[in-house]
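Let's take a walk through this fold together, one piece at a time.

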Amino acid sequence: MFTSDTIVKVGIAQMDVVKAPNTIRTSGLGSCVGVVIYDETKQIAGLIHVMLPDSSLGKVDATNVAKFADTGIKALLDLLKAEGVQTFKLKAKIAGGAQMFQFTSDKSSMRIGPRNVEAVKNELNKYKIPLIAEDTGGNSGRTIEFSPVTNKLNIRTVNRGVSEI
C-alpha cells in the first residue's frame, strides 16, 4: 500500500474526502463498487462505497444517499465542490461490482454487481467525469486504497493478490 500520514476509512454505504498526503480506503467490495473521484492538481479525492444502483430500490424514504449510485455520486461531487474543486478537472477510477453468488436464475435483479458498475458509469457520464481505469466484475471481494499524491488506486483482490490502476 502507500505510506501516508493518515488512512481515512470509508465503510459500506459511506463516503468521505481526503487531501494529500493522506490516503482513503474501503474494504468489503463484493458486489458493491468503490468509486474514487479525484483532482490531480489539487491532490484531493473522494471515495464512495456504493451498495445499490438506484435509490428507487430503497424501501424507506429517509435513504442514506451514499448507499446508491444515483444519489451518492452527486452527493460526493457536492462534497468535492465544497473543497474548492472544479468538476471539469475531475477524473474517476472504480473497482468492485463482483458477482459474488451464482444463481440459476437469469433475473437481472440478482445481478447486483454488474448493475452497480453500469449505474456508476452512467452517473459518471451524466456529470462528464472521465473514467480513467477500472477493476470490476469477477467473483472475488476487493479492498481499495487511493493516494491523491500518486493518483494510484491500490487493489487487493481475494485469491488474486495486489494490483494498481
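**A guided tour of the fold**

Leaving out residues up to four places away in sequence, Gly161 touches Ile155 and Arg156, where contact means heavy atoms within 4.5 Å. Gly161 sits in strand E10, residues 161-164; helices (H or I, at least four residues) and strands (E, at least two) are DSSP runs, numbered from the N terminus. Because its relative accessibility is 36%, Gly161 counts as partly exposed. On this scale buried means under 20% relative accessible area, exposed over 50%, and partly exposed in between, with a 1.4 Å probe and protein chains only. Arg142 lies 19 residues from Gly161 along the chain, and their C-alpha atoms are 9.7 Å apart.

A word on what you are viewing: this is a predicted model, in which local features need pLDDT of at least 70 and side-chain atom pairs count only at pLDDT 80 or more, while totals for chains, interfaces and linings use all residues. Residues are numbered from 1 along each chain as its sequence is written, and side-chain values use heavy atoms, with hydrogens and water left out.

Now find the sheet. It is open, with 5 strands in the order E2-E5-E4-E6-E7 and mixed pairing; two strands pair if DSSP finds at least two bridges between them. At the edges are E2 (15-19) and E7 (131-136), each pairing on one side only. From one strand to the next, the twist averages 15 degrees; axes here are lines fitted to C-alpha atoms, for helices over the stretch in contact, and angles run from 0 to 180 degrees between N-to-C directions.

E4 pairs with E5 in the antiparallel sense over 7 bridges, and Ile37 stands opposite Gly46 in E5. These two strands form a hairpin with 4 residues between them, and Gln43 in the turn has a positive phi of about 50 degrees. E4 also pairs with E6, antiparallel over 6 bridges, with Gly34 opposite Ala95. E6 and E7, by contrast, pair in the parallel sense over 5 bridges.

What do the helices do? H1 lies across E2, E4 and E5, at about 160 degrees to E5. H2 packs on the sheet too, touching E4, E5, E6 and E7, and its direction makes about 175 degrees with that of E6. Among the buried residues of H2 are Val117, Val120 and Leu124. Seen down the axis, the buried residues of H2 fall within an arc of 165 degrees, so they line one face of the helix; the arc is that of the directions from the helix axis to the C-beta atoms. After H2 comes Lys128, with a positive phi near 60 degrees.

Finally, the core. The largest nonpolar core has 22 residues, and Val35, Ile37, Leu80 and Val120 have the most contacts inside it. Such a core is a set of buried Ala, Val, Leu, Ile, Met, Phe, Trp, Tyr and Cys residues joined through side-chain atoms within 4.5 Å. H1 gives the most to this core, with 5 residues. A second, separate core of 15 residues includes Ile24, Leu29, Leu47 and Ala95.
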